[in-house]
Amino acid sequence: MLKKVEGIVIRTVDYGETNKILTLFTRETGKVGVMARGAKKPKSRLSAVSQLFVYGQYLYQHTSGLGGLNQGEIIDSFRSIRNDLFLTSYAAYAAELVDKLTEERKPNPYLFEMLYQVLHALDEEKDPEVVVFIFELKMLRVAGITPQLDRCANCGLPEGKFHFSINEGGLLCHRCLSVDPYHLPMTKRTAELLHLFAHIDLGRLGNISLKEETKKEIRHILNLYFDAYSGLYLKSKRFLDQLDKFKLE
Ligand SMILES: [Zn+2]
């Protein structure tokens, strides 16, 4: 049966001399693998629609195994991302995160929309670090490991001077600091931003500018939290962290 879907290419693997296996994250069926025959040939009609991060309409043979891609039409190729190594790295991380946190053929239109919003925001040259903070916090929710950002994770009080506790899984107020000797100090601004980023709709993100120290603090907390709770080790993330260091030098 032929199936028409709206999808984003989140992974490509070369197969033989001329073919590519694409992993599409689709609005209709979630993650699905398709074989794009001849897509490695520059003149192939499947070549352009088989590039990483392309958002398009795809027509493929829907079978129990790997279906063949019949045709595709680009809706958005996110040209700015493609032309920029930094943006490409951020997009690669978002795509890998979606890939690792989803199973095949489980529709999740919310996640599809979010991935699209991330690529769109990166393409519009919104601050990529902020885009990724927001995306990561949403992905923690998808993975069922949302940190407690509304109130103290230990006593539940919403007021206080907050630190962050990886162990307790979220904010830790000044009254409860002894619960976790490894609590991470953070500014009030960081606490507010974490809360904001967990709730804001990426599509509504305006131009927000953060101090480097604030970004560093958020980055540090999210990295440790992800390492502790997600069980993921992503190549694209390691590369991003290296780029980050490079930028600071
Ligand atoms: Zn407390």
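Analyst: On a 1 Å grid over the protein atoms alone, a pocket is an open set of points where a 1.4 Å probe fits, with protein on both sides within 12 Å along at least five of seven lines; lining residues have an atom within 4 Å of a point. The model is predicted: local features need pLDDT of at least 70 and side-chain atom pairs 80 or more, while totals for chains, interfaces and linings use all residues. Residues are numbered from 1 along each chain as its sequence is written, and side-chain values use heavy atoms, without hydrogens and water.

User: How much space lies in the largest pocket?

Analyst: The lining of the largest pocket includes L149, D150, P158, F162 and L171. Its volume, the space filled by probe spheres set on the joined grid points, is about 260 Å³.

User: Which helix gives the largest share of the lining of the largest pocket?

Analyst: Among the lining residues are K188, A191, E192 and H195. The largest share, four residues, comes from residues 188-199, a DSSP run (H or I, at least four residues) named helix α5.

User: Which residue in β4 stands opposite V5?

Analyst: Strand β1 (residues 2-15) and strand β4 (residues 55-61) pair in the antiparallel sense over seven bridges, where pairing takes at least two. The residue in β4 opposite V5 is Y58.

User: How many residues does the hairpin between β4 and β5 run through?

Analyst: β4 also pairs with strand β5 (residues 67-76), in the antiparallel sense over six bridges. In this pair G56 stands opposite I74 in β5. The number of residues through which the hairpin joins β4 to β5 is five.

User: What separates the C-alpha atoms of L122 and K215?

Analyst: L122 is found in helix α3 (residues 109-123) and is buried, with a relative accessible area of 0%. L122 and K215 are 93 residues apart along the chain, and their C-alpha atoms are separated by 17 Å.

Note on methods
Helix = DSSP H or I, 4+ residues; strand = E, 2+ residues; numbered from the N terminus. Buried < 20%, exposed > 50% of the residue type's maximum accessible area, 1.4 Å probe, protein only.
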